[in-house]
Amino acid sequence: MVTLQRLAQAVRLVDQVGGLDDPTEFPAVVLPGLAGLIGCDVVTYNEIGTSPRAVRYRDFPTQSLAPETRRVFARYVHEHPLVNYYRRTGDPRPMKISDLLDRKRFHALSLYAEFFAKRPVEHQLAMTVADRRSIVVGFAFSRSTCDFTEADREVLGVLRGPLLTGLLRCRSRYRARLTLDLPDPDRLAELTDREVYILELVATGRTNQAIAHALQISPRTVAKHLEHAYRKLNVSSRASAATLVASGSVR
């Protein structure tokens, strides 16, 4: 049974999302709110595509998962029962790993041995906030002890629609605002090939550290390239630059 207190928390969270103007702030606002509502060791916001390079997540509490664990997770995500379920069915309902696998089968996965067991994660509940099967976008709640309850599932089921609506409206407002500030073609032409490539990596969610590793340069050099690109594009944030790349304005 969902208590009035939890419903009040859910309403406050939906109100917070409704006030967002920048979609990059969505995880930072929603993750703490969901953690307080559901109760878990770690909650993550995930964007999982069909290749290891297209796997991203944000965690709460922040830095609960070390950066190097992303590569391990990406290597074995094809075994994840919830990701595979959402991708196969398109069913948006909140689901638990225990809905799909018993403990013995879960423990037999390489994903468990190489990733979950080292956290540790024994129970997980997930919810999607996207309707495309090619990319699974949503939240995963992890616990090391007791499994999640039907009340937990019910709360997420109630929240999914309003959170998705809030996110879509935030993206629309952001695109509309950005359109008013798009740089002219002369500014775009000033970008070097290296600056364009780094902006494309930024748009995929890479950190300066990850970009530096990929290009075999220092994070400070990456920061300098971005500083120059922002000045040429007349933008002030990673989010604005990433949206320009995603919209095809920077090519």
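**Cavities and a helix pair**

Modeller: In this predicted model, strand 5 gives the most to the lining of the largest cavity, with five residues. About 260 Å³ of space lies in that cavity, and the closest to its centre, of the 24 residues that line it, are Thr44, Asn46, His80, Gln124 and Ala140.

Biologist: Which elements give two or more residues to the lining of the largest cavity?

Modeller: They are strand 1 (42-48), helix 4 (81-89), strand 4 (123-128) and strand 5 (136-143). By class, the lining has 16 nonpolar, seven polar and one charged residues.

Biologist: What lines the second largest cavity?

Modeller: Its lining consists of Val2, Leu7, Ala10, Glu154, Val155, Val158 and Leu159. Helix 8 supplies the largest share, four residues. The space amounts to about 30 Å³.

Biologist: Why are helix 10 and helix 12 called roughly perpendicular?

Modeller: The axes of helix 10 (residues 193-203) and helix 12 (residues 219-233) cross at roughly 100 degrees. Angles of 65 to 115 degrees count as roughly perpendicular, and the two helices are therefore described in that way.

Biologist: How do you know that helix 10 meets helix 12?

Modeller: Contact means heavy atoms within 4.5 Å. Arg194, Glu195, Ile198, Leu199 and Val202 in helix 10 meet residues of helix 12, including Val222, His225 and Leu226.

Technical notes. Residues numbered from 1 in each chain as written. Predicted model: local features only at pLDDT ≥ 70, side-chain atom pairs only at ≥ 80, totals over all residues. Heavy atoms only, no water. Axes fitted to C-alpha atoms, helices over the stretch in contact; angles between N-to-C directions. Parallel < 35°, antiparallel > 145°, perpendicular 65-115°, else oblique. 1 Å grid on protein atoms, 1.4 Å probe; cavity = no way out; pocket = protein on both sides within 12 Å on 5 of 7 lines; lining within 4 Å. Points joined across faces, edges and corners; volume = space filled by probe spheres on them. Nonpolar A, V, L, I, M, F, W, Y, C, P; charged D, E, K, R; others polar.
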